[in-house]
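Here is a short report on one structure.

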Amino acid sequence: MGHNDIIAELPTYDSDQKKAASHDDIGHTSSSPEEGVVGTIVGAELSDFEKQKAAAGHAHFHRLGWKRLTVVMIVEAIALGSLSLPSSFATLGMVAGVILCIGIGLIAIYTSYIVGQVKLKFPHMTTYADAGMLMMGRFGYELFGAMFVLLLTFLTASHCLTGTIAFQSITESNVCSIVFGVVSAILLFALAIPPSFTEMAILGYVDFVSILLAIGITIIGTGIQSNSAPGGLANVNWSAWPKENINFSEAFIAVSNIAFAYTFAMCQFSFMDEMHTPRHYTKSIYALGMIEIVIYTLTGALIYAFVGQDVESPALLSAGHTMSRVAFGVALPVIFISGSINTTVLARYIHGRIFKKSIIRFINTKTGWLTWLGVLLAIIIVAWIIAEAIPLFSDLLSIMAALFISGFTFYIPSMMWFMLLREGKWHAKENLFISLLNAAIFFIGVVLLVGGMYSSITDIRHNFQSGTMRGAFTCG
């Protein structure tokens, strides 16, 4: 099957040249050719009402500008990952922690750039699954689609777990953790109901302020606590080098957690598909990438320097009794808004695939809304089950990084360059450097996949046996 045959199977998409000429960044569009929109519902005989709904739905889901895209990507990316970084620094040491934060961040910017270039070259693609179709036919479509679904489900689960930890810390009550898990799941469901990323971006401003305040409170709290302790900051047991007697599993989980923090590439097809001018995506990924590198490096380094080897994961637990509760309270918006973005992306993929040839996929009819809510509810229930089954924050993040982030952020984008973007032979003079770079990124992704899964399974088994992790579906 050639590229042209495959593209014919993918949903059609109006490229920059076919879209309205007049847009502002808030997303207003001057026109939308009704006949082009109707053509996206393959083989359907539509009534006038259905044509109107299809045209309105298409316009509604193509209003995203690069500034709001940056906000949406910040919301999706800068959340849980930053809370695990100080414990990774404690394992790897200050030097390795800083190098990995900056190095993996730069790689993530590059691979996200590749993903965007693929989207521009093949504008019919709307998800990672469509990229799999281009690369490996139907097998690739199903494989990448399954990875996409599982990763976003795990991400939603991790936010559900963090919500449970936050409520336990804030309330200090004897209420069973399962109850807080259910409350977290309900909040994630409610916030994921708006189906458009343009609408979700409005919550993003609250989210960004929330995470900055939470991190700032944690840094200040740990700094004050350390300065007040006997010996002050000079007595904090942090080190420039990896901790003593570190084993392979501990080191790899720490590396995996840093890799997990840079996850924005996996949602990029979905986000760009809603942009009114997709070629502006580069502004968003450069802005997001640099913001992430600065926040992650400072968060990991400062909190580790203030707390030392005893830093907890998530890091908000290390701010002291009162400050920790305040930080978790301030962090509640980011926990649930960021989680809801992942849930919305996943629900859009599943709902769009189920109703690919129907106006129901535009979610602007009664049936569209009912099916949308049903898909959201199913995702939330599965995510809650995962959160209760793997109730340790670092291990849950490590499993996600190993199984999925290794692909979406590392080896799959490098494969895309070789299979979809490369022009000429890989060893040609003009391609040699970029070929070697992508080969190295592919290797990093495979190592993260194999080593990360081994380490995560080993660590989970050890934590269950030693009793340091509460049992699945139990109060804690």
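Asn245 sits in the loop between helix H9 (197-228) and H10. Helices here are DSSP runs of H or I with at least four residues, numbered from the N terminus. This is a predicted model, where local features need pLDDT of at least 70, side-chain atom pairs count only at pLDDT 80 or more, and totals for chains, interfaces and linings use all residues. Residues are numbered from 1 along each chain as its sequence is written, and side-chain values use heavy atoms, with hydrogens and water left out.

Asn245 is not a glycine, yet its phi is positive. Glu172 also has a positive phi and is a residue other than glycine. Glu172 lies in the loop between helix H7 (128-171) and helix H8 (177-191).

| Residue | Phi | Relative accessibility |
|---|---|---|
| Glu172 | near 50° | 41%, partly exposed |
| Asn245 | about 60° | 76%, exposed |

Exposed means over 50% relative accessible area, buried under 20%, and partly exposed in between (1.4 Å probe, protein chains only).

Now the pocket. The second largest pocket has a volume of about 170 Å³. A pocket is an open set of points on a 1 Å grid over the protein atoms alone, where a 1.4 Å probe fits, with protein on both sides within 12 Å along at least five of seven lines; lining residues have an atom within 4 Å of a point. The volume is the space filled by probe spheres set on the points, which are joined across faces, edges and corners.

Helix H6 (94-121), helix H10 (248-261) and helix H16 (432-466) each supply at least two lining residues. H6 gives the most, with five. The lining includes Ile99, Phe252 and Phe410.
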